[in-house]
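Work through the exercises below with the sequence and the model in view. Each task is followed by a solution in steps.

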Amino acid sequence: MNATIIKFGFPDTLIKEYEHWCVLLRPAQATLGALVLARKGEETAFGALPPPAYAELGIATRDIEASLKAFRPYDRINYLMLMMVDPHVHFHVLPRYQAPQSFEGVSFADKGWPAVPDLGAAVTPHAALRNKLVDALKACWAEH
């Protein structure tokens, strides 16, 4: 795994691993269920990925959208490829909600709705809550 994946909490935040990609719970939950879809290789440019990684990207995004819908019906979904601080190819996947969402008694408001997501207004769950979120999302992955 590359340094970006490690920074996003691998292996504790791992939800699903594919041959070329992995899906992690985003440690800073800008919206409830926010994920990181990260390429497992060392590439730092999207155009440098090998063709099989692009093919698998379609599978991973279909799985993400079905799983997040099963977890909590979202109103919109955003994929942000920023790579400003963490250089390896990855997307921030943000399910967007018009109304605040609650999980285990914690409120998660989408502070940017309906405009650009406010990544600085995230909830950073403590380890126990993070683990419950990972487990809930893994369970939704298995449902579809």
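Helices (H or I, at least four residues) and strands (E, at least two) are DSSP runs, numbered from the N terminus. The model is predicted: local features need pLDDT of at least 70, side-chain atom pairs count only at pLDDT 80 or more, and totals for chains, interfaces and linings use all residues. Residues are numbered from 1 along each chain as its sequence is written, and side-chain values use heavy atoms, with hydrogens and water left out.

**Exercise 1.** Count the helices and strands of the chain, then give their order.

Solution. Step one: there are three helices and seven strands. Step two: read from the N terminus, the elements follow the pattern α-β-β-β-α-β-β-β-β-α.

**Exercise 2.** Describe the five-stranded sheet and find its edges.

Solution. Step one: two strands pair if DSSP finds at least two bridges between them. Step two: the open sheet has the order β1-β2-β3-β5-β4, with antiparallel pairing. Step three: β1 (14–17) and β4 (76–80) each have a single partner strand, so one side of each lacks a neighbour in the sheet. Step four: from one strand to the next, the twist averages 20°; axes are lines fitted to C-alpha atoms, for helices over the stretch in contact, and angles run from 0 to 180 degrees between N-to-C directions.

**Exercise 3.** Which residues of the largest nonpolar core touch the most other members?

Solution. Step one: a nonpolar core is a set of buried Ala, Val, Leu, Ile, Met, Phe, Trp, Tyr and Cys residues joined through side-chain atoms within 4.5 Å, where buried means under 20% relative accessible area (1.4 Å probe, protein chains only). Step two: the core has 29 residues, and Ile15, Trp21, Val23, Leu35, Leu37 and Ile64 touch the most other members. Step three: β2, β3, α2, β5 and α3 (127–143) each contribute at least two residues to this core. Step four: apart from it lies another core of seven residues, including Ile5, Leu14, Val36 and Ala38.

How values were computed. Buried means under 20% relative accessible area, exposed over 50%, partly exposed in between (1.4 Å probe, protein chains only).
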